[in-house]
Amino acid sequence: MFIQNNKKEVKQKFYIEQSITDGNVTFIVEYAESLEGATNTSIAMKLYFAQQVGLKLRQVKILMKDGIVKTEAGALYYLLGDIVSETKMGGIGGFMKKAVSGVVTNESAAKPIYKGTGEILLEPSFKHYILLELKDEKIIVDKGMFFCCSGGIDVKPIMQSTVSSAFLGGEGLFQIALSGTGVVVLESNVPTSEIMEYQINPGEKLKVDGNFAIARTENVKFSVTKSDKNLIGSTLNGEGFLNTFECTSKTPGTVWLAPTKPIYNKMNFFDFPFTNNNMNNQ
């Protein structure tokens, strides 16, 4: 066993930032107030500046009691208890279809499914996590945002409706559709406090100059339109094309915008060494 210094009270390292329970599964987002494991001045300097600006290491913990969850491939850090993992591929044909889809969409070929009783910890990172609760609903999110969800949520890549939407809108050829009833955990570069929610009434349009719309309900159609009535006017006014979101149903739709996302992208010249992409490779 590890021997702690009895002269100093040992404080808890991780604290609960948010949590939500769906039946037999509880999703918990934890954060560390600080990291104290620096072994050289380079790491110490980075940790110092991270603490000064409030950058916190976060991790998603899942508590299961005869429950079912799905995660992004490669997200598992460790699991404890009577939990089994399975990946549904649908035979050779299903495997090939999902493999090809994974190559085209740059998404994993399949999402691991975990069943049983115990605890799962997913890979920690300095990113932010968004907890959503769906009730027989469907939302569309940016590719790469899905992190984990309840077993009752269906996760599928969907293609943009038009070629112009895919290439002129900056959203890529594919996005991720999440549908069903349960809890969804999204991974985000932007905190929830900087995400704005807009309701769009039937027939109403929301036009955005940039690709910082991160999610929308299924009754909101995404397209790319000219900022002016004609192409020449769109070129002269400096706006060019706009990402357009239109409610196509009789009930209002919702679009979530992250206006600060492009700012962070511009500032991201130097990648901090601790991310989900390389945490295990340090």
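A disulfide is counted here when two cysteine sulfur atoms sit within 2.5 Å of one another. In general terms, a disulfide is a covalent bond between the sulfur atoms of two cysteines. The structure is a predicted model, so local features need pLDDT of at least 70 and side-chain atom pairs count only at pLDDT 80 or more, while totals for chains, interfaces and linings use all residues. Residues are numbered from 1 along each chain as its sequence is written, and side-chain values use heavy atoms, with hydrogens and water left out.

With that cut-off, the count comes to zero disulfides. Take Cys 149, which is in no disulfide: the nearest cysteine sulfur belongs to Cys 148 and is 7.1 Å away. Cys 149 is also buried, at a relative accessible area of 0%. (Buried means under 20% relative accessible area, exposed means over 50%, and partly exposed is in between, using a 1.4 Å probe and protein chains only.) Cys 247 counts as buried too, with 3% relative accessibility.

Next come the aromatic rings. Rings of Phe, Tyr and Trp (its six-membered ring) pair up if their centres lie within 6.5 Å; planes under 30 degrees apart are called stacked, those over 60 edge-to-face, and the rest tilted. Searching the whole structure turns up four aromatic pairs. One of them joins Tyr 15 and Tyr 31, a tilted pair with 5.9 Å centre to centre and 35° between the planes. Tyr 15 belongs to strand β1 (residues 14-22) and Tyr 31 to strand β2 (residues 25-32), so this pair ties together parts that are 16 residues apart in sequence. (Helices, H or I with at least four residues, and strands, E with at least two, are DSSP runs numbered from the N terminus.) Tyr 15 is partly exposed at 29% relative accessible area, whereas Tyr 31 is buried at 16%.

Another pair, Tyr 48 with Phe 49, is edge-to-face, with 5.4 Å centre to centre and 70° between the planes. Tyr 48 lies in helix α1. From Tyr 48 to Glu 36 is 12 residues in sequence and 9.8 Å in space, C-alpha to C-alpha.

Grid points are joined across faces, edges and corners, and a volume is the space filled by probe spheres set on the points. The whole structure holds two cavities of 30 Å³ or more.

The largest cavity contains about 80 Å³ of space. Its lining includes Ala 32, Leu 47, Ala 50 and Phe 126, and helix α1 (residues 41-52) gives the most to that lining, with three residues. By class, the lining has seven nonpolar, two polar and two charged residues. (Ala, Val, Leu, Ile, Met, Phe, Trp, Tyr, Cys and Pro count as nonpolar, Asp, Glu, Lys and Arg as charged, and the others, Gly among them, as polar.)

The second largest cavity has a volume of about 50 Å³. Of its 10 lining residues, Gln 175, Ala 213, Ala 215, Arg 216 and Phe 245 lie nearest its centre. Here strand β12 (residues 213-217) gives the most, with four residues.

How values were computed. 1 Å grid on protein atoms, 1.4 Å probe; cavity = no way out; pocket = protein on both sides within 12 Å on 5 of 7 lines; lining within 4 Å.
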